[in-house]
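Keep the picture open while you read.

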Amino acid sequence: MNDAEVINPFVYLQRNAEANPSGVFVETATQKVLNSEAFELAKKIAYEFRHLGVKPGDLVALDLPETLSMIFAEAAFHEAAVSTVLPHGYVADGLFAIDWIFSSATPAPAAHGGARVISVDAAFLQRVEQNPYGITPRDFDSELSTARLVFSSGTTGRANAMEYSLGMLEYCTDAAADTWLAGDPCLTLFPTATPFGFFAFYLSVKIGKPYWSVEAGDPANIIEIALRSSATALRASPAQLAGLVDVLEARNQTLPAVREALTVGSVMPPALSARVRAATDGCVIQNLYGSTEGTVARLRLTDSDDPFDGGQPHPRSDVQIVDENHVEVPDGQIGRIRHKSAYMIQEYVGNPAATLEAFTDGWFYPGDLGLIRPDGGLTLTGRVSEVLNAGGVKVDPATLDLFAVTHPLVSDAASFEYESNTGLKQIGIVLVTEDGLDVQALIRDFGTQFGGAAPKLVARIDEIPRNTMGKPMRRALAEQYKQS
């Protein structure tokens, strides 16, 4: 793509509507939207955008049901505007301007970031239905024009906003077509509010295939869609796969068409890998290591039970292990991971302090520690920002989590660092368990395995708080159990 060949992504939907009007734009467990229907509605919404005064480059925040949000995103493409879905509770005041918020919530969200709030209610949709749809799409200026605003996971603090350009969307979906979104059909369990989910949706429209949407991610809906689509590939976080397997096991049911499951977002416990294989009649467990900022960094497309295997080099990405002075270290030596790709973002919108911390000399530092093995593969050894420290004894929280879920009565776990009522830093862990767990015995096992790094606080919880990428919200847990 170059500036003389800038393509408005809306043309993909238009092409699908003209070439295959009865083809499926999106299908969920409860509805099916055809290409022709999506095209007509998106055009009518685009007309409404233009009537309201939406201009090219305006930031349009969508607070809508999943399927409607996709169609509104297509309308934003039509008008060369920038679409986004704000994280729950996110307030942009002082960071960047939001021009429009289109919301179906009752009551409508408060205006912030300078936004004009438009209620997408029955009256709005009735008005849209009466609109003509013959207007011509507007043009983006170049491949560097922003087309989507996305957000980092925010596991250790505030989520940061990033601008994805047209070129980046094209780059990422080209890279994904035969690697991390390969499979026919490929079922992505992430919502389109996440970068991974949006890439899957964008790629589906681009190549003219149905987008199978799991909507809110209810496991029963996922099973229904997986069976209906005969999905051969799943793309999900370990937590999403665990919820899916729980329901399959309770139903004594399998998904025999699934041949591979690629995980992203956090480490995959070996015991969960075994359950996923059993629930899919033996699928291959793969892994993607990357970031919202720098896109895919490493891929492991072979089966493995090593939860810390980050995979082999990806041809479109560069990964290095460096010391505290940003100097590359020899293979086999642990250091900070950094990576970059051709279309990676270079800054967080409205947050120069966070930008300075995460980006150096064109490299993105995701906060992970690792080493390069003799076979060229990446082994993850922890996170700089999440290493737990109890009185000088440090431990990677993922190691504690994985140890906990090896117990047959522990289905999920998340460790964290909290401040006790004496002001000292301690390590805690919350567990999702079945009845009958001998907690005292488990605490003794932790002490034997980890010594001074063993959790001092152990609590049962109904569900681990996780973000949309399936990562545990350790900071939220630390606040919840502060001075317990």
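Predicted model: local features only at pLDDT ≥ 70, side-chain atom pairs only at ≥ 80, totals over all residues.

Begin with the chain as a whole. The protein chain contains 13 helices and 26 strands. Its radius of gyration is 23 Å, close to the 23 Å that the globule rule gives for 484 residues, so the chain is as compact as a globular protein of that length. Along the principal axes, the C-alpha atoms fill a box of roughly 70 × 50 × 50 Å. Of the 484 residues, 55% are buried, where buried means under 20% relative accessible area. The contacts tell us something about how the chain folds back on itself. Among contacts with a separation of 6 or more, 64% are between residues 24 or more positions apart.

Next, let's visit a single helix. Find α9, which runs through residues 270-279. Which of its residues are buried? They are L272, S273, V276, R277 and A279. These residues cover an arc of only 165° around the axis, which puts them on the same side of α9. What lies over them? The cover includes helix α8 (238-251) together with the strands β12 (260-263) and β13 (284-291). After α9 comes D281, which has a positive phi near 60°.

Another helix worth a stop is α11, residues 397-405, where you will find V405. Is V405 buried or exposed? Its relative accessibility is 14%, so V405 counts as buried. Leaving aside residues up to four places away in sequence, V405 touches P269, A271, V410, S411, D412 and A413.

Our last stops concern the backbone. Most residues other than glycine have a negative phi, and most peptide bonds are trans. With that in mind, look for some exceptions. The peptide bond from T106 to P107 is cis, with omega near -5°. P107 sits in the loop between β5 (100-103) and β6 (116-119). A cis peptide bond also joins D184 and P185, with omega about -5°, and P185 lies in the loop between α5 (166-176) and β9 (186-188).

T295, which is not a glycine, has a phi near 65° and is found in strand β14, residues 295-300. D361 is not a glycine either, yet its phi is positive, at about 55°; D361 is placed in the loop between β18 (359-360) and β19 (363-364). How do their surroundings compare? T295 is buried, with a relative accessible area of 6%, whereas D361 counts as exposed, at 72% relative accessibility.

Notes:
Residues numbered from 1 in each chain as written. Heavy atoms only, no water. Helix = DSSP H or I, 4+ residues; strand = E, 2+ residues; numbered from the N terminus. Rg over C-alpha atoms; globule rule 2.2 N^0.38 Å. Buried < 20%, exposed > 50% of the residue type's maximum accessible area, 1.4 Å probe, protein only. Contact = heavy atoms within 4.5 Å. Arc of directions from axis to C-beta.
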